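Please examine the sequence and the model displayed below before reading on.

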Amino acid sequence: MSLDALDWRLMNDWQRALPLVSRPFQVIADHLDTTEARVIDRLQALLKSGAISRVGATCRPNTLAASTLAAVAAPEDQIETVAKIINAQEGVNHSYQRENEWNIWFVATGPTRAFVNDILTRISDETGLRVLDLRLRRPFNVDLGFALDGSNAVPAPRVYVDDIDIEDGDRALMQALSDGLPVIPEPFAFLADRFGQTEAKVIHRVRVLAEAGILSRLGLIVRHRALGWRANAMCVFVVPPDKIEACGAALTKVQGVTLCYERRAEPDVWPYTLYCMIHGRSRSETLDVLTQARVAAGMVNYEYRILFSTRCFRQRGALIDVASETPNGN
């Protein structure tokens, strides 16, 4: 794909903090010294090319909805069949093939934990395979943004307002944001019309959800592989419980580490508790970052594995509200 300087500025600078105003793309245009029409045109082109998956939101795990990271060990000659079964489940929003015996990894989401459990049960029943349920225990960095300029800029820790009242329409609104905003001059007015609300009310609720940390990011959702970051790896470590906090905090400061969190282990087959993602343009680049990360976090003596992604089966927003429909304004 052919990308110009404006494309890269949009994708690097506007992955979070989409302006919460009536005409957000006009505000972006003002920052970039261009026109609203040109910004909208470039965003629509980026969507069409697959450089970005949507202009939308990510939901902080296990707030308005439940989620888990899961994996199966599919026989090599059944990978396509098993992947189709997994991706047929409502609520599976990310799925990848990785280089490991546990070779298909996916994220299952839904409005309740029971909903997610049902997804895992159906997949196990239909494939005949054990499903690892590796639930999130502690996030260190789950912002999901990705600095394309190499700066590894990680946003400062946010102070959340935890005592907000969830309103009846919040889940439907969050689902619409997760699916993606229409790239039109007044996207919030589009949502307001859809939900029978005023534009001011919609923007207010989006701001409330963001301040509460339920909406963790609102902006361009970039497809790294399409942009050349193809040597992407999930790195997992066996870390003593009393060292996880320090190691996790250290990993988030390493340039090239894009996600970091603690997850539940499956002791008999998967003892790993500390995870991070490294996105690189080549395997050697990714391995260099991993070496630096292990040294920086004091983990050179800990057991680890690196699981390179070989194929992306699915990448889309989380399932939060099963009653909602995806807006069609793009």
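The paragraphs that follow take helix contacts, salt bridges and cysteines in turn. The coordinates are those of a predicted model.

Two packed helices are described by the angle between their axes and the distance between the axes. On the H6 side the contact is made by Asp 170, Leu 173, Met 174 and Leu 177, and on the H8 side by Val 202, Arg 205, Val 206 and Leu 209. Sorted by class, the residues of this contact are six nonpolar, no polar and two charged.

The second contact of H8 is with helix H7, residues 187-195. Here the axes are 8 Å apart and the packing angle is about 105 degrees, so H7 and H8 are likewise roughly perpendicular to each other. H7 contributes Phe 188, Ala 189, Leu 191 and Ala 192, which meet Glu 199, Val 202, Ile 203 and Val 206 of H8. This contact comprises seven nonpolar residues, no polar residue and one charged residue. Val 202 and Val 206 of H8 take part in the contact with H6 and also in the contact with H7.

Attention now turns to the charged residues. Side chains of opposite charge can pair when their charged atoms come close. Across the whole structure, a search finds 17 salt bridges. Since Asp 170 lies in H6 and Arg 205 in H8, the pair ties together parts that are 35 residues apart in sequence. Asp 170 counts as buried at 2% relative accessibility, and Arg 205 is also buried, with a relative accessible area of 7%.

A further salt bridge joins Arg 113 to Asp 133, at 3.0 Å from N to O. Arg 113 lies in helix H5 (residues 113-127) and Asp 133 in strand E5 (residues 132-134), and the pair therefore ties together parts that are 20 residues apart in sequence. The two partners fall into separate accessibility classes: Arg 113 is partly exposed at 23%, whereas Asp 133 is buried at 8%. Both residues belong to a network of salt bridges that also links Arg 135 and Arg 264.

Within helix H1 (residues 5-13), Arg 9 and Asp 13 are four residues apart, which means that about one helical turn separates them. These residues form a salt bridge whose closest N and O atoms are 2.9 Å apart. Arg 9 is partly exposed, with a relative accessible area of 42%, and Asp 13 is partly exposed at 35%.

The cysteines complete the account. The structure holds zero disulfides. For Cys 260, the nearest cysteine sulfur is that of Cys 276, 5.9 Å away; a disulfide would require the two sulfur atoms to be within 2.5 Å. Cys 260 is buried, at 0% relative accessibility. Cys 312 is likewise in no disulfide, and the nearest cysteine sulfur, that of Cys 235, is 18 Å away. With a relative accessible area of 28%, Cys 312 is partly exposed.

How values were computed. Residues numbered from 1 in each chain as written. Predicted model: local features only at pLDDT ≥ 70, side-chain atom pairs only at ≥ 80, totals over all residues. Heavy atoms only, no water. Contact = heavy atoms within 4.5 Å. Helix = DSSP H or I, 4+ residues; strand = E, 2+ residues; numbered from the N terminus. Nonpolar A, V, L, I, M, F, W, Y, C, P; charged D, E, K, R; others polar. Salt bridge = Lys/Arg side-chain N within 4 Å of Asp/Glu carboxyl O. Buried < 20%, exposed > 50% of the residue type's maximum accessible area, 1.4 Å probe, protein only. Axes fitted to C-alpha atoms, helices over the stretch in contact; angles between N-to-C directions. Parallel < 35°, antiparallel > 145°, perpendicular 65-115°, else oblique.
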